[in-house]
Amino acid sequence: MTETITATSGSHSEVEPGHPPTATGLSNEKVGMWAFLGSECLLFGALISTYLLFKGQSKPGTIVPKDVFDIPYTSVSSFVLLMSSLTMVLALAAIQRGDHRRTRVWILTTALLGASFVAGQCYEFTTFVREGMNLRVNLFGSSFFVLTGFHGAHVTIGVLMLLSLYSMSLRGKLPESKAETVELVGLYWHFVDIVWIVIFTLVYLIP
Amino acid sequence: MTDAAATTHEPGPVVKPSPAEGGTHHDHPSELEYVKIAAILAFITAAEVTVYYVKALKGVLAPILIVFSLIKFTMVVLWFMHLRFDSRLFRRLFVTGLGLATFVFTAVLTTFHVWTR
């Protein structure tokens, strides 16, 4: 059920069906997600700035970034996560036009790409540990693993949310009217991607 | 719903933002546009990695990489996260968090003389 409301500016807005009244006229869930993402900027800002603070301050003779980083390998991981943002937004476009089969395909693809990224990170971390870098070896090790570990945990949670969406869609519990649910998960997923864009540049690429 | 209710700040039905409120005439980009954005992001990522290996650019590597990452960050936020097409309130919420984080942690790093090491 829709109706047209004339806003104060004289332009026209369209009421979204199925939403209870809200103080802002916008979805509370979406406002909440954006507020949450704003707060996550502070979390990752703290972790990234800690890494930058400790950069180059480790005890001489202990392991440093250039000893362990494999830029080509991490570039591929970055590309995988970037493409998962594309598949996520395609999943949203699919459910908004009511194409449930495509929605499931793109959601599953996004989850698989995200899981590949996490698997790549796990492999990278085990390689680093084998080369003598761990949480306790020096400032570089502790700040790196905390930062990328937190990011990896966020990606993992995102993958679980995507698999939940996939399951809901399979059971017919994700109709077109619930496209906002996919949008909210998508916002979280894209945020995880943009955090990695910053981490890849500041941690891996900038010497 | 009457005009009187639309002009007050009382709770009301959820509305999509009109262009005057920060929304746009079209709701979302097409799938082809998303693919084009992704192609641009992939190209910029490749450029970042290429620049990393060019010895002649070592002196300006950090500014170039920061600019590239800012471009990618902005494109994902504006197009993939739909901030360009959504209500200004969402933009304000995100930019407030981002701006606060940038300001606070730049201040922290400046206090510890990170930039002049």
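Start by selecting helix α5 (residues 139-170) and helix α6 (residues 179-205) of chain A, which pack at an angle of about 155 degrees with their axes 10 Å apart. This is a predicted model, where local features need pLDDT of at least 70, side-chain atom pairs count only at pLDDT 80 or more, and totals for chains, interfaces and linings use all residues. Residues are numbered from 1 along each chain as its sequence is written, and chains are lettered from A and ligands numbered from 1 in the order in which they are written.

Helices here are DSSP runs (H or I, at least four residues), numbered from the N terminus. Axes are lines fitted to C-alpha atoms over the stretch in contact, with angles from 0 to 180 degrees between N-to-C directions. Angles over 145 degrees count as roughly antiparallel, so α5(A) and α6(A) are roughly antiparallel to each other.

Now show the side chains where they meet: among them are Phe144(A), His151(A) and Leu165(A) in α5(A), and Thr181(A), Trp189(A) and Val203(A) in α6(A). Contact means C-beta atoms, placed from the backbone, within 7 Å.

Next, select Val89(A), Leu90(A), Ala91(A), Leu92(A) and Tyr188(A), the residues with the most contacts inside the largest nonpolar core, which has 67 residues. Such a core is a set of buried Ala, Val, Leu, Ile, Met, Phe, Trp, Tyr and Cys residues joined through C-beta atoms within 7 Å; buried means 20 or more other C-beta atoms within 10 Å of a residue's own, again placed from the backbone. The largest share of this core, 18 residues, comes from α6(A).

Finally, move to chain B: four helices and zero strands, with 25% of its 117 residues buried.

Methods:
Helices (H or I, at least four residues) and strands (E, at least two) are DSSP runs, numbered from the N terminus. Angles under 35 degrees count as roughly parallel, over 145 as roughly antiparallel, 65 to 115 as roughly perpendicular and the rest as oblique. Two residues are in contact if their C-beta atoms, placed from the backbone, lie within 7 Å. A residue is buried if 20 or more other C-beta atoms lie within 10 Å of its own, exposed if 12 or fewer, and partly exposed in between; C-beta atoms are placed from the backbone.
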